[in-house]
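Here's a quick tour of one model, with a stop at a strand, a hairpin and the packing inside. Have a look at the fold before reading on.

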Amino acid sequence: MTFRAFRHCILLLIALGLSACAQLGNSGGSAPPPPPLPERVEAATQRLLEANPEATRYSPMIAATFVSIDNLAQSSTLGRIASELFASSLAQAGMQVREVKMRDSLFIEENVGELILSRQVQRLSQEHNARSILMGTYAQGENTVYISARIVRASDAMVLGSTSLTLPIDNDLRAMLGGGW
């Protein structure tokens with residue numbers, strides 16, 4: 001083999017090696033980041049309304065702060081923003097959403113938000129002239145947060161529609177969950 005042929009073989013092997021490395025780099029790269037929380041809530045709201053289109057007939061609606069599944073009297077920044085995002089998304093979809101934080105009659109505890117327990121549903125819905133209530137819970141796992149949202153008919157507490165979503169725990173969620181992280 002001549003020096004020139006040897007050099008071409010070496011160059012060909014290098015080119016094949018680089019090509020293989022590029023292929024591995026493309027397939028072994030990190031996954032794209034998950035969509036931000038507002039986009040995930042909008043998708044979950046879409047699923048809820050597609051599966052239960054009659055839920056929008058129960059306007060106006062009030063929104064309760066989402067609470068921890070482990071303690072229904074406790075919430076967090078995540079519970080408050082999840083409620084706000086779902087209410088906003090439902091309003092954009094045509095649901096009439098009453099802003100209850102402007103009234104004095106709804107109990108608002110600092111750092112908890114508007115908590116609605118089942119025994120308060122009828123009283124609060126009458127006070128705010130609401131036909132439905134957005135309620136939700138969240139559960140914190142080791143690597144995932146699970147959120148469940150539902151629209152409940154105020155007159156008899158029947159669930160008109162529900163949806164859920166999961167979120168991988170990242171630094172933003174850790175900050176919003178507070179406590180112990």
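Strands here are DSSP runs of E with at least two residues, and they are numbered from the N terminus. Keep in mind that this is a predicted model.

Ser68 sits in strand β2, which covers residues 67–68. Is Ser68 buried or exposed? With a relative accessible area of 10%, Ser68 is buried, because the cut-off for that label is under 20%. Leaving aside residues up to four places away in sequence, Ser68 touches Gln74 and Tyr138.

Strands β5 (residues 144–153) and β6 (residues 159–168) run antiparallel and pair over 9 bridges. Across that pairing, Val145 in β5 faces Leu167 in β6. The hairpin has 5 residues between its strands, and Ala157 takes a positive phi there, near 65 degrees.

## Packing inside

Nonpolar side chains tend to be buried together in soluble globular proteins. In this model the largest nonpolar core has 29 residues, and the ones touching the most other members are Phe66, Leu78, Phe86, Leu134, Val145, Ile147 and Ile151. At least two residues each come from α2 (37–51), β1 (61–63), α3 (77–92), β4 (132–140), β5, β6 and α5 (171–177). The top contributor is α3, with 6 residues. There's also a second, separate core of 7 residues, including Ile62, Val100, Ala130 and Ile133.

Terms used
Residues numbered from 1 in each chain as written. Predicted model: local features only at pLDDT ≥ 70, side-chain atom pairs only at ≥ 80, totals over all residues. Heavy atoms only, no water. Pairing = 2+ DSSP bridges. Helix = DSSP H or I, 4+ residues; strand = E, 2+ residues; numbered from the N terminus. Core = buried A, V, L, I, M, F, W, Y, C linked by side-chain atoms within 4.5 Å. Buried < 20%, exposed > 50% of the residue type's maximum accessible area, 1.4 Å probe, protein only. Contact = heavy atoms within 4.5 Å.
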